[in-house]
Amino acid sequence: MCIKMNDESQINELYSMLFNESPDSDTLKSLLKVFHEHDNSMDYLEDNLRKSDKFKLLSEKLEVELGVAELYYILLNRKPDKEGLSFFTNQIIEQNKSLDWVSESIKNSAEFKSII
């Protein structure tokens, strides 16, 4: 039982590191199964998680957030606030907007016009 808890805690830690959240109980059971089926290899499990659709979506979101943040630094000379970052990221991911659209939106903002 102690070994099982150790496996669970290692898997929880890995999942939390990759996704910034804890796995639900069904996900944890599934990950434990994969872990045990592959000789208790944490490397295999990490590779498997990094190849998952969830990780790909997270990576894409991070890439978009970095692009939006870069525009804030270039155009407004500051880091984005949470609301702005979230809004523009969602517009790109969910509404198929582009970084060019974000740039134009920032350039049309009162804040940008007040600093040029």
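A: Apart from its neighbours within four places in sequence, Thr 89 is in contact with Lys 61, Val 64, Glu 65 and Val 68, where contact means heavy atoms within 4.5 Å. The model is predicted: local features need pLDDT of at least 70, side-chain atom pairs count only at pLDDT 80 or more, and totals for chains, interfaces and linings use all residues. Residues are numbered from 1 along each chain as its sequence is written, and side-chain values use heavy atoms, with hydrogens and water left out.

Thr 89 belongs to helix α5, residues 82–95; helices (H or I, at least four residues) and strands (E, at least two) are DSSP runs, numbered from the N terminus. Thr 89 counts as buried because its relative accessible area is 1%; buried means under 20%, exposed over 50% and partly exposed in between, with a 1.4 Å probe and protein chains only. Ser 86, also found in helix α5, is partly exposed at 36% relative accessibility. Its C-alpha lies 9.5 Å from that of Val 68, although 18 residues separate Ser 86 and Val 68 in sequence.

The largest nonpolar core has 13 residues, and Ile 11, Leu 18, Phe 19, Leu 31, Leu 45 and Leu 49 touch the most other members. Helices α1 (2–19), α2 (25–37) and α3 (42–50) each supply at least two residues of this core. Apart from it lies another core of twelve residues, among them Val 64, Val 68, Leu 76 and Phe 112.

Leu 76 is in helix α4 and is buried at 9% relative accessibility. Beyond four places in sequence, Leu 76 is in contact with Leu 71, Ile 106, Glu 111, Phe 112 and Ile 115.

On a 1 Å grid over the protein atoms alone, a cavity is a set of points where a 1.4 Å probe fits but cannot get out, whereas a pocket is an open set with protein on both sides within 12 Å along at least five of seven lines; lining residues have an atom within 4 Å of a point. The volume of the largest pocket is about 170 Å³, a volume being the space filled by probe spheres set on the points, with grid points joined across faces, edges and corners. Helix α4 (residues 53–76) gives the largest share of the lining, six residues. The lining divides into four nonpolar, two polar and two charged residues; Ala, Val, Leu, Ile, Met, Phe, Trp, Tyr, Cys and Pro count as nonpolar, Asp, Glu, Lys and Arg as charged, and the others, Gly among them, as polar.

Most residues other than glycine have a negative phi. Asn 20 is not a glycine, yet its phi is positive, about 55 degrees.

Notes:
A nonpolar core is a set of buried Ala, Val, Leu, Ile, Met, Phe, Trp, Tyr and Cys residues joined through side-chain atoms within 4.5 Å.
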